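Please open the model in your viewer and keep the sequence panel beside it. The tour below moves from one selection to the next and says what is there at each stop.

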Amino acid sequence: MNSIEEKLWNYIDGTCSPAEEQAIRNLIAADEVYQRKYQEILALQKELETMELDVPPMAFTYNVMEAIRTEEAQKPLKATIDGRIIKGIAAFFLITIAALVVIALYSSNWSAGSYSGIKLANHVSADISLVTGYTGPAFKAFLFFDVVLALFLFDSYLRKKPVIRQM
Amino acid sequence: MQNKFSDIELIEQTLAGDQSAYADLIKRHQRFVFTLAMRFTKNREDAEEVAQDCFVKAYRNLSGFGGQSKFSTWLYTIVYTTSMTFLRKRRLDTSSIDDEHNAIQLESKPGSMENNLAERKSQSYYVNQAIAQLLPDDAMIITLFYKGEQSLEEIAATLGMEANNVKVKLFRARQRLKERLEHNLKHETKELI
């Protein structure tokens with residue numbers, strides 16, 4: 001059973017059925033207690049409808065935007081670099097290495113089977129130098145960079161694996 | 001200028017990289033978000049911190065806003081959860097209706113309350129004072145219903161409860177507010193109500 005107040009709030013909010021609405025309207029008109037309570041609640045309702053909102057400081061919007069800008073700036077570089085760029089660079093080096101190996105193997109003289117491993121390596125290296133025009137130290141630096149990059153990519157791949165498993 | 005675009009249009013512009021659109025969105029909702037934060041924190045400094053945190057969180061998750069509900073409903077959910085987290089962290093004393101000794105902080109009101117007798121006498125002052133003394137949940141429901149242009153269903157979505165429960169809670173909150181007002185005003189109640 002609803003109290004008088006509950007009925008009146010429902011009536012004011014418009015959440016009661018048409019039959020209930022009519023019944024409450026009749027009670028307000030006929031019953032003095034209902035009439036008094038209704039006036040009280042109606043006055044409070046008007047106060048609540050016209051109450052003012054609090055005003056934030058003048059610089060509030062600026063402060064929020066500054067906080068957002070700071071957060072954006074603090075995002076790690078890794079997150080802002082497009083992964084496709086990294087993959088593109090990796091693909092370039094892998095293709096270059098593959099091409100060098102193929103050229104070296106293609107230009108090697110395989111009929112001289114009595115060469116030792118060192119001699120073969122020297123021969124291949126010389127052939128690559130001839131074909132690409134790289135000098136010794138520059139070529140070694142290039143290969144060293146490739147090895148480091150390959151290790152870095154391999155490390156990234158291994159790090160990703162456990163994450164995928166966890167998901 | 002602020003009303004030129006709808007919330008959804010401003011969100012689309014923000015997601016396209018226009019940060020000034022988000023600034024417009026903040027300007028549109030800041031007073032209400034700040035008021036809701038005030039209902040929980042009871043002081044301006046903390047309310048500002050909570051409100052700012054809400055807008056930053058909303059920006060961060062803006063791409064996750066699906067548009068199934070109003071942006072304001074989605075935003076108020078963030079305000080509610082952020083404020084609750086804030087209360088848990090700070091273990092604020094939330095004043096109960098019978099707590100006589102709890103100091104009322106209404107520093108948010110423009111102008112000095114203590115020195116402005118005319119304002120002290122205003123009905124709006126007493127209503128705000130009584131709301132500030134309610135439990136945060138009660139104060140939030142009343143504010144959402146009367147100033148947030150939120151239906152019972154939307155409030156239910158914000159608070160994560162059934163619409164019928166919200167209706168009951170709203171009734172109880174208004175009753176407690178009425179009692180608080182009567183208690184605060186004593187003789188002046190008759191003048192107000």
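For the first stop, an axis is a line fitted to C-alpha atoms, for helices over the stretch in contact, and angles run from 0 to 180 degrees between N-to-C directions. Helices (H or I, at least four residues) are DSSP runs, numbered from the N terminus. This is a predicted model, in which local features need pLDDT of at least 70 and side-chain atom pairs count only at pLDDT 80 or more, while totals for chains, interfaces and linings use all residues. Residues are numbered from 1 along each chain as its sequence is written, chains are lettered from A and ligands numbered from 1 in the order in which they are written, and side-chain values use heavy atoms, with hydrogens and water left out.

**Helix pairs in chain B**

Select helix 2 (residues 19-41) of chain B together with helix 3 of chain B, which pack at an angle of about 140° with their axes 8 Å apart. That angle makes helix 2 of chain B oblique to helix 3 of chain B, given that angles under 35 degrees count as roughly parallel, over 145 as roughly antiparallel, 65 to 115 as roughly perpendicular and the rest as oblique. The crossing of helix 2 and helix 3 of chain B is right-handed; a crossing has that hand if the near helix is turned clockwise from the far one by less than a right angle, and is left-handed if anticlockwise.

Now pick B:Lys42, in the loop between helix 2 and helix 3 of chain B. Although B:Lys42 is not a glycine, it has a positive phi of about 70°. B:Lys42 counts as buried, at 16% relative accessibility, where buried means under 20% relative accessible area, exposed over 50% and partly exposed in between (1.4 Å probe, protein chains only).

Next, show helix 4 (residues 71-90) and helix 8 (residues 152-159) of chain B, whose axes lie 8 Å apart at an angle of about 40°. Helix 4 of chain B is therefore oblique to helix 8 of chain B, and the crossing of these two helices is right-handed.

**Salt bridges between and within chains**

A salt bridge is a side-chain nitrogen of Lys or Arg within 4 Å of a carboxyl oxygen of Asp or Glu, and the structure holds 12 of them over all chains. Select B:Arg174 and A:Asp13, whose side chains meet in a salt bridge at 2.6 Å, N to O. The pair crosses between chains, with B:Arg174 in helix 9 (residues 163-185) of chain B and A:Asp13 in helix 1 (residues 4-13) of chain A. B:Arg174 is buried, with a relative accessible area of 2%, whereas A:Asp13 is partly exposed at 24%.

Move on to A:Glu71 and B:Arg60, which form a salt bridge with their closest N and O atoms 2.8 Å apart. A:Glu71 lies in helix 4 (residues 60-73) of chain A and B:Arg60 in helix 3 (residues 44-60) of chain B, so this pair also joins two chains. A:Glu71 is partly exposed at 29% relative accessibility, and B:Arg60 is partly exposed at 46%.

Salt bridges that share partners join A:Arg36, A:Glu40, B:Lys178 and B:Glu182 into one network. Within it, the closest N and O atoms of A:Arg36 and A:Glu40 are 3.5 Å apart. These two residues are separated by about one helical turn, because they stand four residues apart in helix 3 (residues 32-50) of chain A.
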